[in-house]
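Here is a friendly walk through one protein model, written for reading alongside the sequence and the 3D view. Please have both open as you go.

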Amino acid sequence: MQIEVIHSAFEDQAETVAMVAAPHAVVEEALEHAFRYTNNVDGSWALKIGADASDTVEVVKPIQNGMGHRSTSVGDHMRVDGQLYVVAGMGFKKVDEIKLRQMMF
């Protein structure tokens with residue numbers, strides 16, 4: 001299952017940082033996989049260092065100054081099968097993308 005990881009919680013403008021080919025058929029499990037492997041727990045997911053390195057993650061935002069990317073956090077978004085989800089305090093919540101855009105403008 002293909003997951004688009006969008007960092008939006010701390011940025012002025014949301015940007016896609018990774019595409020994750022999660023080896024799961026259940027959406028919730030795929031989202032959990034994408035969350036885990038776009039976090040810097042033991043190394044760097046973007047620099048492919050340590051336990052955070054995963055072949056399922058394609059880094060799409062260019063790395064600058066040799067620094068990796070921040071961890072995916074509460075308030076960031078993920079898109080799977082055309083459905084947008086927000087990372088919640090626990091789990092993920094579906095987001096109505098049209099309502100979200102209306103709130104932003």
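Let's begin with a pair of strands: β7 and β8 (residues 92–95) run antiparallel and are joined by four bridges. Strands count as paired here if DSSP finds at least two bridges between them, and the strands and helices themselves are DSSP runs numbered from the N terminus, with at least two residues (E) for a strand and at least four (H or I) for a helix.

The model is a predicted one, in which local features need pLDDT of at least 70 and side-chain atom pairs count only at pLDDT 80 or more, while totals for chains, interfaces and linings use all residues. Residues are numbered from 1 along each chain as its sequence is written, and side-chain values use heavy atoms, with hydrogens and water left out.

**Strands and hairpins**

- Met-78 is the residue opposite Tyr-85 of β7.
- The β6–β7 hairpin has two residues between its strands, and Asp-81 there adopts a positive phi near 50°.
- Strand β7 is mostly covered, with four of its five residues buried; buried means under 20% relative accessible area, exposed means over 50%, and partly exposed is in between (1.4 Å probe, protein chains only).
- β6 also pairs with β1, through three bridges and in an antiparallel arrangement.
- In that pairing, Val-5 sits opposite Met-78 of β6.

**The largest nonpolar core**

- A nonpolar core is a set of buried Ala, Val, Leu, Ile, Met, Phe, Trp, Tyr and Cys residues joined through side-chain atoms within 4.5 Å.
- The largest one has 17 residues, and those touching the most other members are Ile-3, Val-5, Val-20, Leu-31 and Met-78.
- At least two residues of this core come from each of β1 (2–7), β2 (15–21), α1 (27–36), β6 (77–80) and β7 (83–87).
- Beyond its neighbours within four places in sequence, Ile-3 has contacts that include Val-20, Leu-31, Met-78 and Val-80; contact means heavy atoms within 4.5 Å.
- As background, nonpolar side chains tend to be buried together in soluble globular proteins.

**Glu-4 and its polar partners**

- Glu-4 belongs to strand β1 and is buried, with a relative accessible area of 17%.
- Its side chain makes a polar contact with the side chain of Arg-79 at 2.7 Å; a polar contact is a pair of N or O atoms within 3.5 Å, where within protein one must be able to donate a hydrogen and the other to accept it, and residues adjacent in sequence count only if both atoms are side-chain atoms.
- The side chain of Glu-4 also makes a polar contact with that of Thr-16, at 2.5 Å.
- Thr-16 is part of strand β2 and counts as partly exposed because its relative accessible area is 27%.
- Not counting residues up to four places away in sequence, Thr-16 touches Glu-4, Val-5, Ile-6, Val-60 and Lys-61.
- Thr-16 and Asp-96 are 80 residues apart along the chain, and their C-alpha atoms are separated by 18 Å.

**Aromatic rings**

- Rings of Phe, Tyr and Trp (its six-membered ring) pair if their centres lie within 6.5 Å; planes under 30 degrees apart count as stacked, over 60 as edge-to-face and the rest as tilted.
- One aromatic pair is found by this rule.
- Phe-35 and Phe-92 make up that edge-to-face pair, with 6.4 Å from centre to centre and 75° between the planes.
- Distant parts of the chain are linked by the pair, since Phe-35 is in helix α1 and Phe-92 in strand β8, 57 residues apart.
- Phe-35 is partly exposed at 26% relative accessibility, whereas Phe-92 is buried at 12%.
- Arg-36 lies over the face of Tyr-37, 4.8 Å from the ring centre; a charge sits over a ring if NZ of Lys or CZ of Arg is within 6 Å of the ring centre and within 35 degrees of the ring normal.

**Ser-44**

- Ser-44 lies in strand β3 (residues 43–44) and is buried at 9% relative accessibility.
- The Ser-44 side chain reaches the backbone nitrogen of Leu-47 at 3.1 Å.
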